[in-house]
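Please work through the following exercises with the sequence and the structure beside you. Try each task yourself before you read its solution.

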Amino acid sequence: MPPHPGPPQRPPLLTVLEQNANSFCLGPAGESTEAGRLATLVPAWLRAGADIVVTTHTAVDFSNQTRAQLLIDRVASDTARRMGLNHRSWRYRCFWAVAPTGAEQRQQRQQQQQREQEQQRGAVEGGAPAAPDVPLTWDPGGASGVMLAVRRTLLDSGIVRVQEEAISRCRSVRLISVPLTWGGHDLQIVGVYMPPGSGKEK
């Protein structure tokens with residue numbers, strides 16, 4: 001008889017770190033560089049042994065995606081060396097969704113005010129239609145938004161596979177939803193920034 005194959009191998013544990021960061025903890029843009037802001041974020045990734053990081057601030061401008069990714073890899077490698085870790089094991093592939101610009105945010109507020117006024121008129125006049133929403137198109141640029149980072153060693157080994165064609169982004173609420181597979185399991189990891197404003201804004 002052939003030997004019993006034994007129980008199926010379990011995939012390595014997957015450590016997911018949620019990092020609540022904002023421009024205040026990273027320092028004013030005029031007083032800190034992108035590398036300096038990243039150096040504030042990345043040590044927590046390595047201390048936690050994070051395989052996946054979901055952070056509420058990208059810290060870098062992704063208008064030049066290649067440059068931004070190289071910068072993140074360099075800061076992560078330099079941080080690993082300082083912590084006595086294998087720098088090749090601590091590089092991350094990043095996915096992100098940037099925030100609306102100031103002009104777009106003003107446009108959203110104006111649209112919301114217009115909808116509320118028309119709803120109030122409609123209640124009095126018997127149902128005037130509300131102004132339609134104008135959707136925001138996704139722009140890969142910008143330095144403020146949410147980001148999801150996955151260790152490259154997991155992607156290269158196939159332990160984690162990201163379904164890039166199914167990633168969804170919503171700029172109006174700074175949200176990214178990333179579907180991936182891990183050890184035969186389908187996961188959906190969502191990063192979203194919740195503004196510290198009123199309940200209506202949230």
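**Exercise 1. Describe the open sheet of four strands: in which order do the strands lie, and which strands stand at the edges?**

Solution. In this predicted model, the open sheet has the strand order S1-S2-S4-S3, and its pairing is mixed. Strand S1 (16-19) and strand S3 (92-98) each have a single partner strand, so they stand at the edges, and one side of each is left without a neighbour in the sheet. Neighbouring strands of this sheet are turned against each other by 15° on average, if direction is ignored.

**Exercise 2. Work out the sense of the pairing: do S1 and S2 run parallel or antiparallel, and how many bridges join S3 to S4?**

Solution. As background, strands of a sheet pair through backbone hydrogen bonds, in either a parallel or an antiparallel way. Taking S1 and S2 to begin with, we find that they pair in the parallel sense over four bridges, with Glu18 standing opposite Val54 in S2. Turning to S3 and strand S4 (residues 145-151), we find that they run antiparallel and are joined by seven bridges; Val98, for example, has Gly145 in S4 as its bridge partner.

**Exercise 3. Which helices lie on the sheet, and which strands do they meet?**

Solution. Helix H2 (residues 34-47) packs on the sheet and touches S1, strand S2 (52-55), S3 and S4, while its direction makes about 150° with that of S1. Helix H3 (residues 65-82) lies across S3 and S4, and runs at about 130° to S3.

**Exercise 4. Characterise the packing of H2 and H3: at what angle do their axes cross, and what kinds of residues make up the contact?**

Solution. Two packed helices are described by the angle and the distance between their axes. The axes of H2 and H3 come within 9 Å and cross at roughly 55°, and the two helices are therefore oblique to each other. H2 passes H3 in a right-handed crossing. On the side of H2, the residues in the contact include Leu38, Val42 and Pro43, and on the side of H3 they include Leu71, Val75 and Thr79. The residues of this contact divide into 11 nonpolar, one polar and three charged.

**Exercise 5. How many helices and strands does the protein have?**

Solution. The secondary structure comes to five helices and eight strands, which follow the pattern β-α-α-β-α-β-α-β-α-β-β-β-β along the sequence.

Methods:
Residues numbered from 1 in each chain as written. Predicted model: local features only at pLDDT ≥ 70, side-chain atom pairs only at ≥ 80, totals over all residues. Heavy atoms only, no water. Pairing = 2+ DSSP bridges. Axes fitted to C-alpha atoms, helices over the stretch in contact; angles between N-to-C directions. Contact = heavy atoms within 4.5 Å. Parallel < 35°, antiparallel > 145°, perpendicular 65-115°, else oblique. Left-handed = near helix turned anticlockwise from the far one by under 90°. Nonpolar A, V, L, I, M, F, W, Y, C, P; charged D, E, K, R; others polar.
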